[in-house]
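Colleague: Please put the model up, and then we can go through it by question and answer.

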Amino acid sequence: MAKFGSALFNRLVIIIPYAWLLFFFLIPFFIVIRISLSETAVAMPPYLPVFDLASGFGGIIDNIKQFSIDNYIWLTEDALYTKAYISSLWIAGVSTFLTLLIAYPVAYGMAQAPNTIRPTLLMLVILPFWTSFLIRVYAWIAILKPEGLLNQLLLTLGVIDQPLIILNTNWAIYIGIVYSYLPFMVLPIYSSLEKMDHSLTEAAQDLGCTPIRAFWRVTFPLSLPGVVAGCMLVFIPAVGEFVIPDLLGGSETLMIGKTLWNEFNANRDWPVSAAVATILLLILVVPIMFFQHAQSKADAEGR
Amino acid sequence: MQRWSRFNIASIVIGFAFLYLPIVLLVVFSFNESKLVTVWAGFSTKWYVQLFHNQALLDAAWVTIRVGLISATVATVLGTLAALAMTRYTRFRGRMLFSGMIYAPLVMPEVITGLSMLLLFVAIGFDRGFWTLTLAHITFTMCFVAVVVQSRLLSFDRSIEEAAMDLGATPVATFLQVTLPVIAPAVFSGWVLAFTLSLDDLVISSFTSGPGATTLPMRIYSQVRLGVTPEINAVCTILIGIVAIGVLIASVVSRSREIQRVKDEQAAFAH
C-alpha cells in the first residue's frame, strides 16, 4: 500500500505541473504557428477555422492543404517588419551592453563588500524587481521630459542652455531598458563573483600582474558564466519589449513587440500578428536554448 | 582587508542611486499640490483623496487583488510541485522539455506569451474575462515560484526525509510534516513573488482579459497614455507601499524561521 501510494505521489508530482505547462504554455505555441498559416477573415475570431476534428483524419489532411504562407510573404514584402526586427535586435543589443557596463562594477563592488553588509546590498538590488515594471518605466517620463526634472537640474547647474530632447528617442528606450533590467544583470554576475576564490587574483598579482591585468586575465574570465546568464536575461525579453518603447520611445521607434501589439489590437489582424510572433520566436530560440543550457549546468553544479 | 576600495563604494552608491532615485521622485511628486509632476508647489494629499472617488480605478484594484490572490495560491502549489519534480527526479521521460517549459517563460517576451494564451482560449472557445486572466497569471508566475523553491530544495538535507520514511511515514505525510515546514519560507516568498508579478502584469493581462476584467495596470496604462498626472503617482505610491510591506513581512518571516531552525538544530545536537 505504502509502495503504491509512493509511486502515485511521485507520478502526480511530475504529472500535474507537466500537464499544466504542456496545455497552457507549449500547446499555445502550436496554435500560434497554425494560425499564422491561416488566412485573415473579417469575422470573430478573425481567421478561418483551425482544425475541424469532426471530419476525421481526412479532414485534417484537407486542412493542411489549405495552409497558406501568405502572411509570411506579406511580412517579407513590407519593409516595415524587417526593419522592426533588425531595430529590436539592435536596441536590445546596445541596451544589454550598456546594462553590463553599469551592472558589472556594482556587482563587483558588492562582491568585495564586507560580509556583514552583503545581505543588505543584495536585498537592495532585489527590491526594485518587486515593484511594478510599469511604474518604474512611468517614473522616467517625468524625469526625461523636455521640461522634466533632469533638464531642470542640468539647466540650473548651467551644464546646458537648451533642454535636451531625450524622451521619445532611442536614448529614452536605452535608459528604460537598462534601468528596468539592471537587477537581472547584477544578480548573476554577483553570484559568480562571490563564489570566486580570491587567492587566485592575489597569486596573479604576486607573480607580477598589475591589478588591471589580473582582473582581465583572472577575475573576468571566471565571472563569464554570470555575465552570459545576465546578458541572456536582459537581451531576450528586451527584444520583444512593448511597454518601454511604447511609453518612452517616439513614433518612429520601431520595435517588434510594439508592431505585434498594434497589429493585434489596432489592425485586428490575428494571423499576421501570429506570424510576427512565430518569427520572433524563431529568432529567440537560439538564445533561449543557450540560456536553458547554462541554467541546467548551474543547477547540476548546485546539486 | 584592502579589497573594499573607494572605486567599489562609488560604483555601488551610483548604481543604487540610479535604481532608487526615480522611484523616490515618483513618490515625492504624488504629494505635490500642483497638477504638474515636475514643479513642486507644496505638500498635499488631495490626489489620494481623489483616488477614492475614482470608481473605475477602485473596481480595477479589486479585480487585480482577486486575480492576484487566486493565481498566486494556485501557482505556488503548481510551482512547488514542479520544483520537487525538478530536484527529486533527475531522470524521467521528457525532463528536458519539462525544464525547458520552466525556464522559457522567465525570459519569453510577454507579447508572445500573451498572444499564444489568448489564441488558446479562443481555440477552445473559452470566453475571455476574469478566469482566462487568472489562468494566464497562474501559468507565467508558477515558473518563478518553481525557480525560487527549487533553489531552496537543492540545499535541503534529504536524510531527515529518509528518517521519516524509515519510521513508517507515507510519502505524503513525509512531505507535509517534514519537507514542507523546512521549505516553507521559500514557498512563502514564492507566493509573494507570484502575487506581486500578477499585481503588475500589463501585457499578458491585456491579451488574455476580456470585458469587465480590467486590472489596475491596464487602467494605469490607459491613463498614462493621456499624460502624467499626480493621481497616477498616488496610485503607484500605494502599490509600491503594498509591495514594500509584503517584501518586509516575507523577509522578517524567513529570517525568524531561519533563526528558529538554527536554534532547533543546536538543541537537537545538544541532546
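Modeller: Helices (H or I, at least four residues) and strands (E, at least two) are DSSP runs, numbered from the N terminus. This is a predicted model, in which local features need pLDDT of at least 70, side-chain atom pairs count only at pLDDT 80 or more, and totals for chains, interfaces and linings use all residues. Residues are numbered from 1 along each chain as its sequence is written, and chains are lettered from A and ligands numbered from 1 in the order in which they are written.

Colleague: In which helix of chain A does Met289(A) lie?

Modeller: The helix in question spans residues 270–302 of chain A. Met289(A) therefore belongs to helix H13.

Colleague: Is Met289(A) buried, exposed or partly exposed?

Modeller: A residue is buried if 20 or more other C-beta atoms, placed from the backbone, lie within 10 Å of its own, exposed if 12 or fewer, and partly exposed in between. Met289(A) has 13 C-beta neighbours inside 10 Å, so the class is partly exposed.

Colleague: Why is helix H10 (residues 216–224) of chain B largely enclosed by the rest of the structure?

Modeller: Among the buried residues of H10(B) are Arg219(B) and Tyr221(B). These buried residues pack against helices of both chains, including H6 (133–144) of chain A and H3 (55–88) of chain B. H10(B) is largely enclosed because the number of its nine residues that are buried is seven.

Colleague: How many residues of chain B are in contact with chain A?

Modeller: Two residues are in contact if their C-beta atoms, placed from the backbone, lie within 7 Å. Chain A contributes 81 residues, and the count for chain B is 64.

Colleague: Which helix gives the most to the side of chain A that touches chain B?

Modeller: The helix covers residues 2–36 of chain A and gives 20 residues to that side. The name is H1.

Colleague: At what angle do H6(A) and helix H1 (residues 6–29) of chain B pack?

Modeller: Axes are lines fitted to C-alpha atoms, for helices over the stretch in contact, and angles run from 0 to 180 degrees between N-to-C directions. Angles under 35 degrees count as roughly parallel, over 145 as roughly antiparallel, 65 to 115 as roughly perpendicular and the rest as oblique. H6(A) and H1(B) are therefore roughly perpendicular. Their axes are 9 Å apart, and the angle is about 75 degrees.

Colleague: Which residues of H1(B) make the contact with H6(A)?

Modeller: On H6(A), the contact involves Arg136(A), Ala139(A), Trp140(A), Ala142(A) and Ile143(A). On H1(B), the residues are Pro22(B), Ile23(B), Leu25(B), Leu26(B) and Phe29(B).
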